[in-house]
Amino acid sequence: MEALVAAITVFVLAIFIGFEIITKVPPTLHTPLMSGSNAISGIALIGAIISTRSDNPKLATILGVCAVALAMVNVVGGYMVTHRMLAMFKKKR
Amino acid sequence: MSGFLIDSGWVNLAYLVASILFIRGIKGLTHPRTAVSGNLTSALGMLLAVVVTLLANGLDYQWILVGAVIGGLVGGVIAVRVQMTKIPEMVALFNGFGGGASVLVAGAAFMITANPDVQTTVSTGLSGLIGAVTFSGSLIAFGKLSEILPGRQISFPGLRIFNALVGLGALACVVWLTVDPSAIIAYWIIVAAALVLGVTLTIPIGGADMPVVISLLNSYSGLAAAATGFVLMNNVLIIAGSLVGASGLILTKIMCVAMNRSLGHVLFGKLGPSADGPSADDVYGGKVKSTSPEEVAMLFDTAQRVLVVPGYGLAVAQAQHIVREMANVLEARGINVEYGIHPVAGRMPGHMNVLLAEADVPYDKLREMDDINTEIEQIDVCMVVGANDVVNPVARTDPKSPIAGMPIIDVDKARTVVVVKRSLSPGFAGIPNPLFAADNCLMMFGDGKKAITELVSALKEG
């Protein structure tokens, strides 16, 4: 129970921080914000990696590897396309 | 979270640092100048979290590498190749992948948890539910955006009751899982039901509402990751997931406000009040003035301030580069050219800004709707390119119209309005636009790119 309350605390505080900073992102950057948050939601990669432990049942490893692939699409694709877009905003003089 | 090559305390500290880097990264996005380094900061956070996780005991590195290379290649190729007009499709697809990854991770984690407690079963169930809805819903949104599926609202009688039953069934399986944690089949039934639900919830939503749907699915993909964080009791998943969840929710709200629609109306396919408005003939009959590129070129002779109001039609016609060229010619004559951007001008939040940035339009020339509306009376020539509903004054004047109350760019208050458009056909709202028949409005009919190309040559000759 204590661990759960701690986790809920982190969850709620993170949502508040999210609201505080994201409301300050200007509309011009809303698309890069979305593709950048695509990349961040690839954080499931962490869980995917842990699922492949060799002492786990085979099926868990298979699911883990598939999840690694899906999450990597988000991480690599998300950060790269965001970088590509932001570079277009930057090169202006 | 035990069984790391180093003390798991260090691992969790590294996760904390990664979370801070994510937050700093998003903070960088609050200004175009700091945005690039913000994105790199966020990527560094991801790298740190991944490297530390790879220190866990007994990982199957070969298979991780196989998955990572496949996913990385697919993501990299998409990121390099995708056209800026197709970013909404790409984001929709990535939302889906994020949801899918959470489903698989929660499933795998549940399988290896001995004697899961209530909190683990409930969060596993929620992770599967949200993740699978995100996955199939995003694929439908992708299909609609890329026009593989018809964009119109598809519905059938009893759809809502069907959705309610499937949703309740999925929740019942969450309870089943809690009562009997050995019944892993219950988890996969939840996932199957949620996959169906993702389809049936997204299919009735019309093409005009896609900006809302993508934002909402973006939020779900984050919430699914956060739920997975509760399964694994992993703070970095919880924090990163909630940041994305919050981001998606804020954008969803902004899009709803910009269209003056409640989220419920978007999700359940209700349009605004639709009393029989005036017909197109009543509105336009004999009052529409057509113009030529040469005539518009002459209008600019006396203009000091020009405002371009782009709609998605501009992107469809690929006219953003020629519009930029027109602005160059006008600016060389000392005319101030700015762009008025409606929040739903593109097909996702901020989409039009990216399209114009690609065409080398400086971001400080892009003005937000509320901001430019305060100065609109001082605009000499307002060029509306491929936009319709977002400049329809009916939203202000007729409380019975389907778009009543929707915020618009008040181009009708500018001294002269030039509308570049193929025909008088209505926009998504399906209603005529009295702007086109207004005294201060001239219609330049034709394909956006072709018409403005002709205008540019007329400007150069004149």
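Reader: Before anything else, what is pLDDT?
Author: pLDDT is the predictor's confidence in each residue, from 0 to 100. This is a predicted model, and chain A averages a pLDDT of 92.

Reader: How much of chain A scores at least 70?
Author: In chain A, 97% of the residues score at least 70.

Reader: Where in chain A is confidence lowest, and where highest?
Author: Confidence is lowest in helix α1 of chain A, residues 2-22, with a mean of 94. Helix α2 of chain A, residues 30-41, is where confidence is highest, at 96.

Reader: Now chain B. What order do the strands of the sheet take?
Author: In chain B, six strands run in the order β3-β2-β1-β4-β5-β6, and they form an open sheet with parallel pairing.

Reader: Which ones are the edge strands?
Author: Those are β3 (366-368) and β6 (441-445) of chain B, each of which pairs on one side only. From one strand to the next, the twist averages 25°.

Reader: Which helix packs on that sheet?
Author: Helix α14 of chain B, residues 320-332, packs on the sheet and touches β1, β2 (336-341) and β4 of chain B. The direction of α14 makes about 145° with that of β2(B).

Reader: Let's stay with β1(B). Over how many bridges does β1 pair with β4 in chain B?
Author: Five bridges, in the parallel sense, between β1 (residues 305-310) and β4 (residues 381-385) of chain B. On β2(B), the pairing with β1(B) is also parallel, over four bridges.

Reader: Give me a residue. What are the bridge partners of B:V308?
Author: B:V308 has B:M383 as its bridge partner in β4(B), and B:Y339 in β2(B). Next along, B:L307 stands opposite B:C382 in β4(B).

Reader: And is β1(B) mostly covered or mostly open?
Author: Mostly covered: of the six residues in β1(B), five are buried.

Technical notes
Residues are numbered from 1 along each chain as its sequence is written. Chains are lettered from A and ligands numbered from 1 in the order in which they are written. This is a predicted model: local features need pLDDT of at least 70, side-chain atom pairs count only at pLDDT 80 or more; totals for chains, interfaces and linings use all residues. Two strands pair if DSSP finds at least two bridges between them. Helices (H or I, at least four residues) and strands (E, at least two) are DSSP runs, numbered from the N terminus. Axes are lines fitted to C-alpha atoms, for helices over the stretch in contact, and angles run from 0 to 180 degrees between N-to-C directions. Two residues are in contact if their C-beta atoms, placed from the backbone, lie within 7 Å. A residue is buried if 20 or more other C-beta atoms lie within 10 Å of its own, exposed if 12 or fewer, and partly exposed in between; C-beta atoms are placed from the backbone.
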